[in-house]
Amino acid sequence: MPDAGRAASNPHIDAYIARGLKGRILSGVQPTGNLHLGNYLGAIRNFVRLQADYDCLFCVVDQHAITQWQDPKELASQTREIAAAFLASGLDAKKNIIFNQSMVPAHAQLAWVFNCVARVGWMNRMTQFKEKAGKDRENASLGLYAYPALMAADILIYKATHVPVGEDQKQHLELTRDIAIKFNNDFGASGFFPVTEPLIFGAATRVMSLRDGTKKMSKSDPSDYSRINLTDDSDAIAQKIRKAKTDPQPMPETEADAAKRPEADNLLGIYAALADRDRADVLREFAGQQFSTFKNALTELAVARIGPVGAEMQRLVKDPGYVDSVLRDGAERANALAKPILDEVYRIVGFLKP
Ligand code: TRP
């Protein structure tokens, strides 16, 4: 009888535990549009924390980016910019693998196999496709439709055990799990791919627009005042926070009060995340105070936390030779990990060796 009190051992994780790690992480960021505070607090800053406990790969997903048209020059510079943001935020390029997707052909090679494992019915349920394709679905690229199979390949080509994801990517991770299970079943390769676990970062790191507390902060919002970009200087940060929408009341007294006031709640959440404190703790300091007092404190904090990251990013972007060398080195190490797994997949599927 198995010991009911003990978690079942997972062979995919055990090898990492033996090395003092909790597992292997892969995450991807698309090089489309400027990075903002939402990307930083919701994703990149969490990566920085995870690097201590996991074997990590951080991928700039340029192949996902072109599922919607990208200007080639912009794509190249945005790819470097994401890599620069990773480095500027404190990701260690030696300890982790930082690379761009198109430099590791095994992603696309495994994605083709997954296109043949995933079902059309599964893809039809993907809400991100519906959102991105909009009304003119007939005119969306085939790549946009197959996007989640490529994402599954990004993860499973390294047999990643954990993926840090925001709420909006949960459905894609579910699909990744379905693909892993179906592949293992269809080919009688029980346990070959891991059933990857999500690492969900809670609502604490969900950053909303500065103009509308009910909408996510987004790079596609036409108003630049809706977001704080990682490369904004201190004047821009100060101005955006000063102009951020609020209601006429002073700072809320309790978290329940705050929850009823989306704009106030968002600024409170941003403060708490930047200060690494919880909301209740921040409220103990600011409850009932004038909003302008709180905004001044928030500005000071945001400038202190984001300013140095933006400045380091700008410095790195001016040194593309260095950024490119990080990506090349990362790709080499990623290729070395991916190659034996792809070889094994090809053997399992029945492809002849060259
Ligand atoms: N779909 C993700 C997003 O839009 C990006 C992504 C691509 C990703 N491949 C991934 C995220 C693998 C995590 C793991 O944010």
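I record here that the model is a predicted one.

A polar atom in the side chain of Gln 169 is 2.9 Å from a ligand nitrogen, and a side-chain N or O atom of Asp 154 lies 2.7 Å from a nitrogen atom of the ligand. I then checked the cover: of the 360 Å² of accessible area that the ligand has on its own, the protein covers 88%.

I listed the residues around the ligand; among them are Leu 26, Ser 27, Gly 28, Val 61, His 64 and Val 163. Tyr 147, Met 151, Asp 154 and Ile 155 also belong to this list, and I found these four among the buried residues of helix 8.

I therefore turned to helix 8, which is largely enclosed by the rest of the structure because 11 of its 15 residues are buried. Helix 8 runs from residue 142 to residue 156. From first C-alpha to last I noted 22 Å, close to the expected 21 Å. I also noted a kink of about 45° centred on Pro 148, a residue that is itself buried.

My last entry concerns strand 1, residues 24–29. I found five of its six residues buried, so that the strand is mostly covered. Strand 1 runs parallel to strand 2 (residues 55–60), and six bridges join the two.

Definitions and conventions. Residues are numbered from 1 along each chain as its sequence is written. This is a predicted model: local features need pLDDT of at least 70, side-chain atom pairs count only at pLDDT 80 or more; totals for chains, interfaces and linings use all residues. Side-chain values use heavy atoms; hydrogens and water are left out. The expected span of a helix is 1.5 Å times one less than its number of residues. The bend at a residue is the angle between axes fitted to the seven residues ending there and the seven starting there. Buried means under 20% relative accessible area, exposed over 50%, partly exposed in between (1.4 Å probe, protein chains only). A residue is near a molecule or strand if one of its heavy atoms lies within 4 Å of it. A polar contact is a pair of N or O atoms within 3.5 Å; within protein, one must be able to donate a hydrogen and the other to accept it, and residues adjacent in sequence count only if both atoms are side-chain atoms. Accessible areas come from the Shrake-Rupley method with a 1.4 Å probe; for residues, only the protein chains shown count as cover. Two strands pair if DSSP finds at least two bridges between them.
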